[in-house]
Amino acid sequence: MSEHITSLKIYFIVFFSLLILTVSTWQIAYINLGRWNTVVALIIAVSKAALVATFFMHLRWSAPMMRLVLFAAIFWLAVMMTLTLGDFFSRGAVPQPHGWQTSVVASPPAAAGHQR
Amino acid sequence: MIASRRKYKLHNSHAVVAEQFDDRTQQHEASSLGMWIFLATEIMFFGALFTGYTLYRNLYTTAFEAGSHLLNAKLGALNTAVLIGSSLTMALAVHAAQTGKRKRLMAFLVSTMILGGVFLCIKFVFEWIHEYKEGLVPGLHFTYAGPHAPHVEMFFCFYFIMTGVHAIHMIVGEGVLAVLLIMAWRGRFSEQKYNPIEMMGLYWHFIDVVWIFLFPLLYLLGAHY
């Protein structure tokens, strides 16, 4: 099970899919899709990473423990991102109660869209 | 006493299954688990950089797009292809090790090193040096004077730290590949004993995955249309 030998065919199929995805993500960057440019680029990046992890890194055939470690890492990464970004982007969302003093250091980096 | 110890050690380092393991499967799972836990720490390490990048990109979108626009997306795409190619040769090296083909293993290790070297050359010679001449290196030589210059400078801080840390990982990988190449040359691997090659494969593919995310985030989201 853990000593599975992947067939060469699979490696080459994965390699060519990765190349096709690379060319498409690069070409799509020259088309104006507005906000969707970011979404499409990230979807392609995640699928490429999934291909590499599943086949090149043998997750498809390895013991469940390895997948658990990867999911733990992704989970903690999600916690870090959600809490950090949630904090920053919600600053100033709640107006300051009347009568509070703003003696402490200047305002936090203004909410998203500050500069657009 | 010393002589017998040395003999024992020598014998042990050539054994297919190390003393503390029941069988090859258990040994293989133990080393894979160790490598994956190391990669989990690497995910958190790069994850912090990606979090910071996401945050500031959202705060200073215009400046980050302007900065990204100054990068050469064509070279970025080429380097992505080179790195994916090196991942393929690394996967083929693991396959050669698993099937006990020593010469093929060495050939694929060498091709992985060459492709990794090509990546680093493109990165260093055609990108970083070019960006230095253009005055885009914060702290050393930054002369960009367009709108939002301080925030464009921040984009380039992220760019150089993220691609720089990635390049350091590549250089470390090249070193480990060289060691594995010598070990393979000395015939230290067989179809029963190839764990180091496979673990190196995991590391190399991980570096590839990091670049797979760096490429669109740094190069492509700069509104090239």
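Which residue takes a positive phi just after α2(A)? Select A:H58: its phi is about 65 degrees, and A:H58 comes just after that helix. Keep in mind on this tour that the model is predicted.

**Stop 1: chain A as a whole**

You will find 3 helices and 0 strands, running α-α-α from the N terminus on. Colour its 116 residues by burial, and 19% of them come up as buried. If you draw contacts between residues at least 6 apart in sequence, 44% of those in chain A join residues at least 24 apart.

**Stop 2: along helix α2(A)**

Next, select residues 36–56 of chain A, which form helix α2.

Then show the side chains of A:N37, A:A41, A:A45, A:K48, A:L51, A:V52, A:A53, A:F55 and A:F56, which are buried. As you look down the helix, remember that an α-helix has 3.6 residues a turn, so residues three or four places apart point the same way. The buried residues of α2(A) pack against α1 and α3 of chain A, and also against α4 (73–98) and α7 of chain B.

**Stop 3: across to α7(B)**

Bring in residues 195–220 of chain B, helix α7. The axes of α2(A) and α7(B) lie 10 Å apart and meet at an angle of about 170 degrees. Because that angle is over 145 degrees, α2(A) counts as roughly antiparallel to α7(B).

For the contact itself, pick A:A41, A:A45, A:K48, A:A49, A:V52, A:A53 and A:F56 on the α2(A) side. Their counterparts on α7(B) are B:H205, B:D208, B:V209, B:I212, B:F213, B:P216 and B:L220. By type, the residues of this contact are 11 nonpolar, 1 polar and 2 charged.

**Stop 4: the whole interface**

Zoom out to the two chains together. Chain A puts 46 residues into the contact and chain B puts in 43. On the chain A side, α1 (8–28), α2 and α3 (64–90) each supply at least two residues. Highlight α3(A) here, as it gives the most, with 13 residues. The chain A side divides into 32 nonpolar, 11 polar and 3 charged residues.

**Stop 5**

Finish at B:A107, in helix α5 (residues 102–133) of chain B. Is B:A107 buried or partly exposed? B:A107 counts as partly exposed because it has 16 C-beta neighbours inside 10 Å.

Definitions and conventions
Residues numbered from 1 in each chain as written. Chains lettered and ligands numbered in written order. Predicted model: local features only at pLDDT ≥ 70, side-chain atom pairs only at ≥ 80, totals over all residues. Axes fitted to C-alpha atoms, helices over the stretch in contact; angles between N-to-C directions. Helix = DSSP H or I, 4+ residues; strand = E, 2+ residues; numbered from the N terminus. Parallel < 35°, antiparallel > 145°, perpendicular 65-115°, else oblique. Contact = placed C-beta atoms within 7 Å. Nonpolar A, V, L, I, M, F, W, Y, C, P; charged D, E, K, R; others polar. Buried ≥ 20, exposed ≤ 12 C-beta atoms within 10 Å, placed from the backbone.
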